[in-house]
Amino acid sequence: LMAARSAFSLLLLSVLAACIAQDPAPLVDENRMVSAAQLQAWHEEKAAGGPTFSGSPAWLAHMTFIEDGLRELGVVDLRRDTLSYRRWFAAEQPRKSERRLQIDGRDIPVAAYWAYSGATGPEGVTAPLVYYQKRMPREALEGRMVVFDVQGPPASMMASFNAGNEYMTDDLEGYDPSLVSDQWFQGNFVTRFGRFDEVLKDSGAAGGIVIFDMSPERARGLYTFPLLNEWIIGVPGIYLDRVAGAEVRVAAKAGQLATLTLVAFEEETETWFLSGVLPGRDYGSDADEAILLVTHSEGPNLTQENGTFVMLAMVDYFARIPQEQRGRS
């Protein structure tokens, strides 16, 4: 978190400098910046609410906080452009009865759920396991619990993923940059590269189990979502780490029975795009110029969707400058 906070401060400084620069020597008044303690408090409060999936209770609470904060700083013309969608969700901290995998009466540790997969109800579903092979005929999946394997990115792709980190803090020196690329690749393989969701959709399969080449700590809570498709698979799915997966892989190749439980829900929910303006000195006239700031506000973790805090901190900075001295809105 300290590293993330340092990176945040560097990002904020660089963007502010670019926004207010009027000469080759940009000046940023650090006394106008949000304090590190305030940033820490914002992040801790947000983290306590869990993932801010769009339209979820955590998202609604977070966006209310952001909107109230912008209004207090003098942002005007605040507008919500609303839309509705059908949200699929499962508990982030489930009871054992809500998310479970059993083989021969033994519990296999489940790392995470497969978002927008399906649900079993509390009684679970029991079916023989089958180890998936590429281009396996769909009739071989019907009535089975399909086990998929995910490996890391091929060497030929690594160069294009490892972009480096311009503002890496000292405590990250010497880290293995391939870990970030590997996490991204494996997480996206399910829906983007391997398209396992398409394999299961309308296959008649009883369940889906994905084994990631990750340690238990790394795989725990892993969240992926269907980037390319806008439908719920209709087949309940869970994720395993490499340790739990080793036992399940053997069982799948032997066609053993397994019981999978994934309690999940669906609801119609409303979400929105939020926009507003911090007025500059020429606001409302033809002479007005604007700096456009854009971020997304929803996501499965703290660092993916904390761009809202960047915007709030930047607006806070400019709000400390009298409006008649703000050259742009």
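A: In this predicted model, arginine 320 is partly exposed, its relative accessible area being 44%. Its salt-bridge partner is aspartate 316, with 2.6 Å between the closest N and O atoms. Aspartate 316 has a relative accessibility of 13%, and because the cut-off for buried is under 20%, this residue counts as buried.

A second pair consists of arginine 218 and aspartate 182, whose side chains meet at 2.8 Å, N to O. Aspartate 182 is buried, at 12% relative accessibility, whereas arginine 218 is partly exposed at 22%.

Arginine 249 and aspartate 149 form a further salt bridge, at 2.7 Å from N to O. Here the partners are 100 residues apart, with arginine 249 in helix H8 and aspartate 149 in strand E6. Arginine 249 has a relative accessible area of 22% and is partly exposed. In total, the model has 18 salt bridges.

Helix H8 and strand E6 also take part in the largest nonpolar core. That core has 28 residues, of which Leu101, Leu129 and Ile209 touch the most other members. Strand E6 (145-150) and helix H8 (242-253) are among the elements that each supply at least two of its residues. H8 gives the most, with 4 residues.

Terms used. Residues numbered from 1 in each chain as written. Predicted model: local features only at pLDDT ≥ 70, side-chain atom pairs only at ≥ 80, totals over all residues. Heavy atoms only, no water. Core = buried A, V, L, I, M, F, W, Y, C linked by side-chain atoms within 4.5 Å. Buried < 20%, exposed > 50% of the residue type's maximum accessible area, 1.4 Å probe, protein only. Salt bridge = Lys/Arg side-chain N within 4 Å of Asp/Glu carboxyl O.
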